[in-house]
Amino acid sequence: MSNILQLKNKENLLEKFLETRNRTLDLVKTLEKDDFVVQTAVFMSPPKWHVGHVSWIYEAIMSKINKNYEFYSKEFSEYLNSYYQQFGVPQDKGLRGIVSRPTTEEIFQYFEIINERVTDFIKNSEFNSDELKLIIMGFNHECQHQELLVYDLQHLLAEQYKPINKNPIEVNQQITNKSISIKGGIFELGYNGEEFCYDIELPSHKVFLNDFKIDKYPVTNSEFLKFMKDGGYEDYKYWLSDGWEKVKENNWKSPMYWEKIGDEWHVRDFLGIRKINPNEPVCHVSYYEADAYCKWAGKRLPTEAEWEKAALWDEKLQKKFIFPWGDSEPTSENSNLLESYHWGCTNLGNFPKGSSPSGCEHMIGDVWEWTSSEFIGYPGFKTGFDEYNDKWFSNQKVLRGGSFGTPKMSIRGSYRNFFRLDERWLFSGFRCAEDV
Ligand SMILES: [Fe+2]
């Protein structure tokens, strides 16, 4: 992880910037020209748009720091502005795929121009700590879009995508899930470290938790198949009313990307069209499906505070860490994040080194985990960037932990992701909790 103090050193800041920019380029290096402009669904964006948008946000950031900053082009800004009303009227998200100009080539030229502008900006300016945080936010924003780009590549190409790095997944023995008891009491929720975090992870504040139980692993495909075979998708009694409407409206019968071939369920993803692996966490489920499963199983989703305590709190040391394994940055030994380049979920049980002090595994990486918590600001919330996170404080749920598409520099135990309750093109799963 990049320590803010270390990043004050301009060389480190520039190195981190270019490392982030190169990862974006690596993700799209093997795409064909035709792949760049296609939008296969309203919830995804064409790769061309991501490449341009992650560059444009640095212009938005530079304009906040230097009031005289002039944007590269009005036309580019209109196309590449995602949802920031403060920078003009953004183009309709669902229409990003019908725009042929700026061309892909022009977007790549723009990418390089922004690299030069940001490099000069960093080299030639002095920043206070808030300004520095904004620049580092730009890197983190690009990481978020790298992950979104991976979701979109799954939707656009799945097994036809050829990553430049790909590492095999170790197949493990079948594991059995079990439930772990966590002591309640006062818990300090939110980020308590000294490095970069988003405004929504702050301020760290006290909450009260009852004693609870949480599963060692996220819900597996084999567990989820039991729910399906038991008629989970056919019975209203497990579903929230809005969820049941979505089941009927969209004819949901399984997680997204699952296909029944003959009598057997298969998934189509980066690894091919393959039989469901019982030992992977279930992926591509909405909040509604996670909630319905829990109801069927006689359990519930954890709140985000319960999740965070199970992930980061060491009862013996009476100390909270940044990650389940301690304060050191993630490695491919303790978690499955983007740079592991597995391009899929690993087998549960593969990361004993990633265990939390309480004994929960796979809390960082593989799948984002739905929690029952509404996405709202913590008490005392102060915006770090208007419209970035704070305008989404309604009708979304918090997910925790990162996925196999999350770049490692951008995740930590206190990170709060958020999506609407019916979204499932992200790498989303869940783990169950119970009252005691
Ligand atoms: Fe964005």
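Predicted model: local features only at pLDDT ≥ 70, side-chain atom pairs only at ≥ 80, totals over all residues.
I then went back into helix α7, residues 221-229, and looked up which of its residues are buried. They are Asn221, Phe224, Phe227 and Met228. Looking down the axis of α7, I find these buried residues within an arc of 115 degrees, so they line one face of the helix.

What do the buried residues of α7 pack against? I find α9, residues 287-297.

From there I checked tyrosine 293. Setting aside neighbours within four places in sequence, I list its contacts as Val219, Phe224, Phe227 and Gly232. Phe224 and Phe227 are among the buried residues of α7.

Next I looked at the largest nonpolar core, which has 57 residues. Which of them touch the most other members? I get Ala290 and Tyr293. I also looked up the elements that give two or more residues to this core: α6 (129-156), β4 (212-215), α7, α9, α10 (304-312), β10 (368-374) and β11 (397-400). The largest share, six residues, comes from α9.

Last, I noted a second, separate core of 27 residues. Its members include Leu13, Phe17, Tyr58 and Val118.

Definitions and conventions. Residues numbered from 1 in each chain as written. Buried ≥ 20, exposed ≤ 12 C-beta atoms within 10 Å, placed from the backbone. Helix = DSSP H or I, 4+ residues; strand = E, 2+ residues; numbered from the N terminus. Arc of directions from axis to C-beta. Contact = placed C-beta atoms within 7 Å. Core = buried A, V, L, I, M, F, W, Y, C linked by C-beta atoms within 7 Å.
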